[in-house]
Amino acid sequence: MRRILSFFLVFCLCLNLTGCRSEGQTGETGESEKVPEAELDKQALEMAGQYLEKMTLEEKIGQMFLVDVDKLLKGGRAVTASSPELLQAIERYKVGGIMLGRGNVQSTDQVKSLINDVQQATGENGNLTIPLYIGTEEEGGGEKSIAASTETITSTGYVSPAEMGKNMTESQLENTGEVIAGELAGLGFNLNLAPTADVAGTGQPADEQAVRDRVIAVIGKEPVAPNTSGRKISKVKRKKKWKAYRRRLKQYNAKYDALVQAYSEARYNDSCFSEDGEKVGEAVSAMVKGMHTAGSNGICTVLKMFPGISAVAGYHKLVGREIDTGLSRLRRENLAPFSAGIDAGTDAIMVGHVTVSKVDSSVPASLSKTIMIDMLRDEMGFDGIVLTEQMDVPAITEQYTTDQAVRQAITSGADMIYNPEDLEVAISSIRQAVMAQEIEEKVIDQAVLRILHNKLLRGICKGTTEEGATAQ
């Protein structure tokens, strides 16, 4: 597995793995020394394999899910502090990672406390000994930046990738990647949904009727106006009925507009470095290298949104969008920047919910074996973590049940599922499929091995001796 490693002590990699512990639980270590990257990778893979052998099926399946932290609690409120309910949910589902967004971040002290509490509980709990991915989406600026949610997180301010691509050299971009990752690591994050490897382009409009139909399918039909004509009804009652109707209509329209706005992706190109594919590849490579340089082990990078969705990004999470680019042009224009990110050592790639009609017209890329295995793994040589886009969006939930979506994604090559519609159903479904031999357990093992391997390489998961002394 190609990786850009900064420091990883040889003492750790020469020990037999008997467990994983969180970042803060360290023991005495000896002097560090440089080891060839290939040897580090090989030994880390061996350690991951040894730990995999000790895991239950439930633990392995849990590792394959990445969820927004708010989804672990009922009520949909933004999680800003640890709680017994949150820790119990993490223990119950044994998830591989959680994501924090702008609503979960109020200040540096607050988010540090939240992350530390979660990781400490993870490491101390005997039933959940694998530290979590603690992720966010920090591109350095723009609407998605957590730096914009609080004055105490500076990062690169409001410099979007589009602005970076116009104004920064490769060296400056690498520097910026290190700055972003360094600040995230300082807060306790170890995974970042960045950088975007899409080439910016002119968006193709979505079918307006399809958008309207999907919104109505999600929130229901518009309230019906009261029929008060030709009826013996007092003016007072008529007035009340129309007042109530206008109130319901106003609420409905607000809900409608909010849903449309949430899925519009109107500023998607702000996340893209350039309209020039070569420049995008250079920028992506520089950012990945920079993010891997921060701290002692760097931060996990997730390239998005495979296989390049900028032309149809608008409403692609709401309705089915289709890329009709021919295969040779797709390879030349869309896939080249992803190849650059793979060569730079990205840890993961997120696959989007768009259909590539000239490659696989039957399902979205996030559910396509042709896209994830034949193209991404076999053709492009990516052996890192394949992560789906959020599965709790109408483009998926209106077409597939939770059971159908997660089974299809995993059998088609996904290692991690991001936000299944119903986490409990998703985990139960995969367990039942394995027990019924509808999904081979070796498919689960291969995915979890990649995850453990990556957690070891990034210093998230640490090997220990049989006596329990941690080796970094």
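1. Strand 1 (residues 65-68) pairs with strand 10 in the parallel sense, over 2 bridges. Within this pairing, F65 has I417 of strand 10 as its bridge partner. This and everything below refers to a predicted model.

2. Strand 1 is also joined to strand 2 (residues 97-99); the two run parallel and share 3 bridges. Here D68 has M99 of strand 2 as its bridge partner.

3. These strands belong to an open sheet of 8 strands with parallel pairing, in the order 9-7-5-4-3-2-1-10. Which strands stand at the edges? They are strand 9 (385-388) and strand 10 (417-418); each has a single partner strand, so one side of each is left without a neighbour in the sheet.

4. Elsewhere in the sheet, strand 5 runs parallel to strand 7 (residues 348-351), and 3 bridges join the two. In this pair V302 stands opposite A348 of strand 7. As background, side chains in a regular strand alternate between the two faces of the sheet.

5. The largest nonpolar core has 131 residues. Which of them touch the most other members? They are F65, I98 and F306.

6. The largest pocket holds about 1,000 Å³ of space. Its lining is made up of 40 residues, and those nearest the centre are E137, K144, E265, K317 and Q390. By class, the lining comprises 15 charged, 13 polar and 12 nonpolar residues. Helix 9 (235-262) supplies at least two of the lining residues, and so does strand 5 (300-306).

7. Two peptide bonds deserve a check by eye. The bond from A194 to P195 is cis, with omega near 0°. P195 is placed in the loop between strand 4 (191-192) and helix 8 (208-219). The bond joining K304 and M305 is cis too, with omega about 0°, and M305 lies in strand 5. For comparison, most peptide bonds are trans, and most residues other than glycine have a negative phi.

8. Two residues other than glycine have a positive phi: for Y315 the value is near 65°, and for Q437 it is near 60°. Y315 lies in the loop between strand 5 and strand 6 (321-323). Q437 is in the loop between helix 15 (423-435) and helix 16 (441-457). Is Q437 buried or exposed? Its relative accessibility is 71%, so Q437 counts as exposed, the cut-off for exposed being over 50%.

9. S160 is also a loop residue, found between strand 3 (133-136) and helix 6 (161-167). At 7% relative accessibility S160 counts as buried, because buried means under 20%. With neighbours within four places in sequence left aside, S160 is in contact with G141, G142 and D270.

Terms used. Residues numbered from 1 in each chain as written. Predicted model: local features only at pLDDT ≥ 70, side-chain atom pairs only at ≥ 80, totals over all residues. Heavy atoms only, no water. Core = buried A, V, L, I, M, F, W, Y, C linked by side-chain atoms within 4.5 Å. Buried < 20%, exposed > 50% of the residue type's maximum accessible area, 1.4 Å probe, protein only. 1 Å grid on protein atoms, 1.4 Å probe; cavity = no way out; pocket = protein on both sides within 12 Å on 5 of 7 lines; lining within 4 Å. Points joined across faces, edges and corners; volume = space filled by probe spheres on them. Helix = DSSP H or I, 4+ residues; strand = E, 2+ residues; numbered from the N terminus. Nonpolar A, V, L, I, M, F, W, Y, C, P; charged D, E, K, R; others polar. Pairing = 2+ DSSP bridges. Contact = heavy atoms within 4.5 Å.
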